[in-house]
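Here is a short briefing on one structure. The points are grouped by topic.

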Amino acid sequence: MVRYLYLDDEDEATIRPYVEAVRDEGEILDIQLESPRDYPGQIERLGQDGYDALILDLRLDVFWKGIGATSGHAGSPVNYRATTLAQELRTRAAEGLCKDHPIILWSMEERLRASYNRDDTGHDLFDLRCAKEDLLVPSRAAEVARQMLALVSGYSEIRELCGGEGAKAASLKKLLGLPPDADWLDPRIETYITTHDAPMPVHDYARFVLRELLDLPGFLIDEGLLAARLGVDRETSRHWGELKRHVTSVAGYSGVFSSGWERWWAPLIERWWRELPGDHGKLRGTSAEERVRTMRAALGLEDLSPSSPIEPSYSTRFWTICQALQRPLDPRDGFLVADADLHPWHDRRYVSLKAVLSGRLKARGLHVDPLDADRARAAFSRARRHA
Amino acid sequence: MRRVQARGFRRERANDLRRLADELDACRLLRDPGPLIAAAAQCEQRGTLTRQREETWSYAISRLTFADLPRNALFNLRPEDASDLLLTLDVDASGLCLPDGCLDDPFISLSVDIVVEGLSVGTGHELVCAWHLDRHKDPQSRGNSGEGTAVDADRGAVHPMYHFQYGGRRVWEKEDFGCHMLLEPPRFPHPPLDVVLAIDFVLANYFPYQWRDLRADNDTYTSIVARYQKRIWLPYAAATASAWSLPGSGSPWPASVLWPLLVG
């Protein structure tokens with residue numbers, strides 16, 4: 001059984017639906033509720049054994065109605081937030097004073113927007129952030145349950161592979177499920193490990209893999225991007241599952257956290273495409289229709305439908321997705337999203353003109369990159385004139 | 001070349017592409033360096049062996065997109081209402097893993113497309129301007145002229161081994177050519193361009209002020225370009241000079257007049 005300890009200052013009746021929604025999706029997942037204690041007492045409690053990972057509500061200092069019955073203590077209102085607690089735990093783990101556990105943030109969406117999203121300083125402390133409201137959607141609850149289990153097993157794997165003597169590049173490849181002779185991985189990813197003389201805390205390795213490889217597209221891409229690059233409409237293609245399984249066998253990510261984050265290696269997908277039989281062009285340069293025709297012929301998967309563009313006039317040489325509409329997009333028809341702190345191996349993200357015109361960007365926290373601002377303004381003006 | 005050396009050869013070239021991507025991204029001359037990073041990963045992978053069991057390298061870059069074209073590149077633009085211009089570069093290249101200083105042909109295959117696409121504001125029609133450079137797939141060594149030029153075996157046309165021509169697939173697949181007529185010839189002999197030299201060519205022609213600043217201020221960029229000029233243009237120049245058995249010095253033509261992109 002994987003045990004998560006969940007600290008929240010709200011009353012049990014309010015938060016129990018979220019807990020049960022997730023717990024019911026993970027057979028071996030147990031979530032134990034507790035109210036926050038005074039700071040020294042809380043630190044002491046978290047230094048004890050008895051749990052594998054931690055869930056924190058963002059604002060532990062708002063409501064205090066207690067979960068005294070489950071925690072066995074009277075409790076009292078606290079004046080610290082999750083970020084404060086998480087920072088202390090990470091520091092203590094780095095110093096070897098306590099075990100390094102996965103830490104997850106659960107909070108109401110409005111509080112995430114009002115407080116957490118505005119302050120960058122705490123963003124590296126948590127392995128996963130969830131809006132509580134989303135947990136009531138069964139598919140999201142199932143995904144979060146998988147991720148929570150993957151985090152615990154992943155931390156364990158990292159501890160085994162990278163702790164103790166200092167990791168080498170070979171350890172990183174092993175961590176990422178790659179053979180030692182995988183010769184296409186950007187060396188700047190490997191040097192993240194090899195430039196550190198002493199072993200890093202487990203949560204630092206975890207943060208690197210989660211943030212720089214799994215969350216942001218680049219060498220690893222998610223299912224939405226996979227479908228876009230293969231030009232396939234997932235909703236209408238009965239053979240999508242079979243195609244996905246086939247591509248997974250040659251390019252699937254099997255490294256740490258893979259049971260919670262389904263990803264594929266972009267360079268291996270391109271290599272797989274090049275080796276497909278038939279006279280076909282480069283994956284990036286062909287239309288969705290041509291890609292689907294090639295795969296039908298090469299793999300015998302007849303029930304694959306090409307994705308449709310967001311607008312009939314847009315190209316079908318999909319390579320990315322519109323971040324606002326979450327639909328396949330040829331970057332030619334999009335505008336760069338302003339993204340700070342990208343590493344060289346990260347893909348640039350785009351939004352479509354349709355999304356720009358719809359005014360949906362701000363609500364999603366998206367802004368057009370200054371490099372594309374003039375183009376966006378000109379396209380916006382043209383569209384308005386023709387409307 | 002031995003396998004271990006070939007691995008180092010490919011890694012060095014892959015890292016040059018990554019460094020180039022960094023430098024261009026920092027100057028915001030590339031809209032998206034992704035295709036260069038992907039090409040680096042591909043270049044580093046072990047390629048197919050030739051029939052003689054020789055090691056090879058390759059990459060295929062599709063639609064490397066540059067920043068918006070500056071106004072000074074749009075001088076004499078026609079039609080005048082062309083707008084929303086986007087310049088992309090495609091490079092397909094492969095070659096043997098050859099040691100530095102080798103004067104053999106550096107490529108097994110090469111295809112470069114420089115494409116500028118836009119829209120006519122007045123008509124809404126798509127506009128395209130495309131230049132294509134490639135390595136002739138089946139060069140004949142001597143034609144009847146005795147001048148040593150390659151000849152197209154099918155049509156008898158002069159077909160220099162490395163040549164530039166207007167058009168390419170992106171233009172030929174269009175249906176509306178306005179008052180323009182497309183023909184395959186002429187094919188201009190031109191030194192080959194890998195992606196490094198193709199990028200330098202594009203910047204020199206379409207981003208001239210930024211290119212001059214880059215050449216003047218950025219040692220990393222300039223040294224990468226110089227290295228690939230030597231690897232790719234020196235064999236070509238040596239082959240050209242061998243027609244007259246001339247050394248480089250003593251020529252009435254300063255090299256910079258013939259090769260304005262040369263470094264130093």
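In which helix of chain A does A:L85 lie? A:L85 lies in helix α4 of chain A; helices (H or I, at least four residues) and strands (E, at least two) are DSSP runs, numbered from the N terminus. The model is predicted: local features need pLDDT of at least 70, side-chain atom pairs count only at pLDDT 80 or more, and totals for chains, interfaces and linings use all residues. Residues are numbered from 1 along each chain as its sequence is written, chains are lettered from A and ligands numbered from 1 in the order in which they are written, and side-chain values use heavy atoms, with hydrogens and water left out.

**Confidence**

- Chain A has a mean pLDDT of 86, and 89% of its residues reach 70 or more; pLDDT is the predictor's confidence in each residue, from 0 to 100.
- Residues 67-74 of chain A have pLDDT below 50, and beyond near neighbours in sequence this stretch has 18 contacts in the model (contact means heavy atoms within 4.5 Å).
- Where pLDDT is low, the predicted coordinates should not be read in detail.

- A:L85 counts as buried because its relative accessibility is 0%; buried means under 20% relative accessible area, exposed over 50%, and partly exposed in between (1.4 Å probe, protein chains only).
- Not counting residues up to four places away in sequence, A:L85 touches A:L7, A:Y39, A:Q42, A:I43, A:L46, A:L56, A:L60 and A:Y80.
- Between A:L85 and A:G241 there are 42 Å in space, C-alpha to C-alpha, and the two are 156 residues apart in sequence.
- Helix α2 (residues 39-46) of chain A has A:G41, A:Q42, A:I43, A:R45 and A:L46 buried.
- Those buried residues of α2 in chain A pack against β1, β2 (29-34), β3 (53-57) and α4 (82-94) of chain A.

**Nonpolar cores**

- The largest nonpolar core has 157 residues, and A:Y4, A:W106, A:F257 and B:L89 touch the most other members; a nonpolar core is a set of buried Ala, Val, Leu, Ile, Met, Phe, Trp, Tyr and Cys residues joined through side-chain atoms within 4.5 Å.
- Another core, of 19 residues, lies apart from it, with A:I43, A:L46, A:I103 and A:L125 among them.
- A:F257 is in contact with A:A150, A:L151, A:G154, A:Y155, A:I158, A:A206, A:V209, A:L210 and A:L214, leaving aside its neighbours within four places in sequence.

- A:K132 sits in the loop between β5 (128-131) and α6 (138-162) of chain A.
- A:K132 is buried because its relative accessible area is 0%, and A:D8 is buried as well.
- The side chains of A:K132 and A:D8 form a salt bridge (2.7 Å, N to O), where a salt bridge is a side-chain nitrogen of Lys or Arg within 4 Å of a carboxyl oxygen of Asp or Glu.
- This pair links distant parts of the chain, 124 residues apart, with A:D8 in the loop between β1 (2-7) and α1 (12-23) of chain A.
- Not counting residues up to four places away in sequence, A:K132 touches residues including A:Y6, A:E10, A:D57 and A:W106.

**Other salt bridges**

- Over all chains, the whole structure holds 46 salt bridges.
- A:R229 and A:D347 meet through their side chains in a salt bridge (2.8 Å, N to O).
- That pair also links distant parts of the chain, 118 residues apart: A:R229 is in helix α10 (residues 223-230) of chain A, and A:D347 is in the loop between β10 and β11 (350-352) of chain A.
- A:R229 is buried, with a relative accessible area of 7%, and A:D347 counts as buried at 18% relative accessibility.
- In chain B, the side chains of B:E12 and B:R13 meet in a salt bridge (3.9 Å, N to O).
- B:E12 counts as partly exposed at 33% relative accessibility, whereas B:R13 is buried at 10% relative accessible area.
- One network of salt bridges that share partners joins B:E12, B:R13, B:D16, B:R19, B:D100, B:R227 and B:R231.

**Interface of chain A and chain B**

- Chain A and chain B bury about 3000 Å² between them, 41% of it on carbon and sulfur atoms; buried area is the accessible area (1.4 Å probe) that two parts lose on being put together, summed over both.
- In chain A, A:D183, A:K282 and A:R332 lose the most area to chain B, together 23% of what that side buries.
- The contact takes 31 residues from chain A and 34 residues from chain B.
- There are 9 salt bridges between chain A and chain B; A:K282 and B:D90 meet through their side chains in a salt bridge (3.8 Å, N to O).
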